[in-house]
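Here's a quick tour of how some side chains meet in this structure. Have a look at it first, then read on.

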Amino acid sequence: MEVSVILPVEAEGFVQSLKTFSLKEVGSTRWFKQHEYIEKLNMQAILNASATHDEFVKEFLVSHGKVPVLIHEMILVEVWKHKIFPILCQLQDFNPKNTFQLYMVIRHEATIINLLETIMFHKDSCEAADDAVLDLVDYCHRKLTLLVSKATREGIATHGQEKLSGSTAVSTKKELQSQSAEMEFEISLKAISVLRYITDHTDSISVITRMLCTHNMPCVLVQLIDACPWSRRKEGVVEKYINGKWQKIPPENHLMMTKLDGQVWISLYNLLLKEDCQRKYDFNNFNKSQLLKLRGFLTEVLVDQLPNLVQLQRYLAHLAVTDPDPPKKELILEQIPEMWNSIVRENSGKWKAIAKHQVKETFNPSESDLRLQAQRLAQTYNLDVMESLLPEKPKCASCGKEATKRCSRCQGEWYCQRECQVKHWPKHKTVCQLMAKATEMIQKDLQINN
């Protein structure tokens with residue numbers, strides 16, 4: 001039987017209701033309701049894409065012109081995380097009894113980039129984004145730059161190894177900050193796919209100029225291939241980040257291309273070989289030297305897995321012995337992305353006031369509000385639906401092997417053996433407590449009502 005999260009009529013209602021919020025409203029009851037809608041739309045979009053038919057969530061987002069709204073709301077939370085969240089964590093009177101509201105705000109950005117990754121595969125979604133594609137290009141550039149930075153990669157490698165100390169409030173704040181950093185890694189990886197789809201579909205001179213001239217995306221992608229942050233060596237074993245988890249790779253598969261490798265290479269292929277892009281890009285000495293580094297990565301094994309790269313290989317061989325003409329100076333009216341700057345400009349000088357307001361009004365819910373939110377949370381993350389989203393049999397959250405045992409407390413994570421569950425507990429603890437708390441509240445309510 002086919003599993004669904006929402007019916008088409010519900011999806012259309014959710015999509016029609018989507019709106020932009022102010023920074024002050026992030027985490028409010030009305031904002032939280034929209035968060036739930038977007039979570040459900042995201043899960044349904046993944047189910048639709050997996051079934052490869054009737055992608056009604058994408059169709060509604062396109063036909064009702066809501067793709068720019070999604071992009072705005074994603075950037076809004078990005079600004080909140082940069083400007084408000086650090087202040088919240090420094091306020092002495094911020095001692096949250098329950099952190100799931102804050103966790104969901106942090107998670108919101110990941111949910112939207114996930115939804116965008118699903119729908120931007122289609123050209124009409126890119127077209128429906130209209131001028132907001134420029135804001136999305138800037139967003140992807142910020143994330144990819146973060147991904148190639150040494151500090152970020154080291155932070156990911158050591159994540160979960162630090163022991164929390166001090167008071168409960170301090171530990172809670174540190175856990176939230178740690179979760180935010182880990183989620184930032186996953187968001188940045190999603191941004192790679194979104195950028196690839198933009199390079200696939202766009203023929204806008206403004207977007208092409210933004211990618212090539214303003215941000216020099218080809219050189220950023222070269223750095224990304226060199227850094228390869230989705231691959232690491234841990235205790236002598238090669239691990240790759242696949243389907244949201246670090247998985248051990250046997251020696252015979254070390255040279256196998258992951259989806260992320262493919263997305264970066266296809267983006268480079270599009271940016272360097274499309275005629276419109278070649279006319280706009282400045283192949284100066286620095287850019288040329290950076291691009292020629294790619295020749296060392298274009299091995300026979302790699303090209304066999306993605307045959308289109310033969311053309312890129314030939315192009316780079318030609319580039320090595322020629323000096324391309326400089327780009328033609330054309331008079332164009334360049335469009336400028338507005339969302340990030342507009343949000344920052346509107347709230348400049350108000351960061352602390354907004355943080356204090358949210359401590360008092362938003363992240364200090366009453367018991368009844370907390371119970372209601374917990375019920376809705378449990379309904380949103382229906383376990384049967386979540387299992388149907390898995391691309392294959394469950395994998396152990398610790399070692400990546402096929403798993404048969406589930407966390408008995410929250411029922412939300414899988415393990416192959418007890419030792420792996422114990423090892424993974426420091427990382428799983430907060431989410432486990434959150435889901436268990438939600439279940440307990442619902443059970444109490446059922447007992448009272450009966």
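Predicted model: local features only at pLDDT ≥ 70, side-chain atom pairs only at ≥ 80, totals over all residues.

A residue is called buried here when its relative accessible area is under 20%, exposed when that is over 50%, and partly exposed in between (1.4 Å probe, protein chains only).

Residues are numbered from 1 along each chain as its sequence is written, and side-chain values use heavy atoms, leaving out hydrogens and water.

**Salt bridges**

- Side chains of opposite charge can pair when their charged atoms come close.
- A salt bridge means a side-chain nitrogen of Lys or Arg within 4 Å of a carboxyl oxygen of Asp or Glu, and a search of the whole structure turns up 18 of them.
- One of these joins E109 to K143, with the closest N and O atoms 2.9 Å apart.
- E109 sits in helix α6 (residues 100–119) and K143 in helix α8 (residues 132–148), so this pair ties together parts 34 residues apart in sequence; helices (H or I, at least four residues) and strands (E, at least two) are DSSP runs, numbered from the N terminus.
- R196 and D200 meet in another salt bridge, 2.6 Å from N to O; both lie in helix α10, 4 residues apart, about one turn of the helix.
- Here R196 is buried at 17%, whereas D200 is partly exposed at 25%.

**Aromatic pairs**

- Rings of Phe, Tyr and Trp (its six-membered ring) pair if their centres lie within 6.5 Å; planes under 30 degrees apart count as stacked, over 60 as edge-to-face and the rest as tilted.
- The structure holds 10 aromatic pairs, and W80 with F85 is a stacked one, at 5.6 Å centre to centre and 25° between the planes.
- W80 is buried at 0%, and F85 is buried at 6%.
- F185 and W246 are stacked too, since their ring centres are 6.0 Å apart and their planes at 15°.
- F185 belongs to helix α10 (residues 168–201) and W246 to strand β3 (residues 245–248), so the pair ties together parts 61 residues apart in sequence.
- Ring pairs link F185, Y241 and W246 into a cluster.

**Charges over rings**

- A charge sits over a ring if NZ of Lys or CZ of Arg is within 6 Å of the ring centre and within 35 degrees of the ring normal.
- R232 lies over the face of W246, 4.0 Å from the ring centre.
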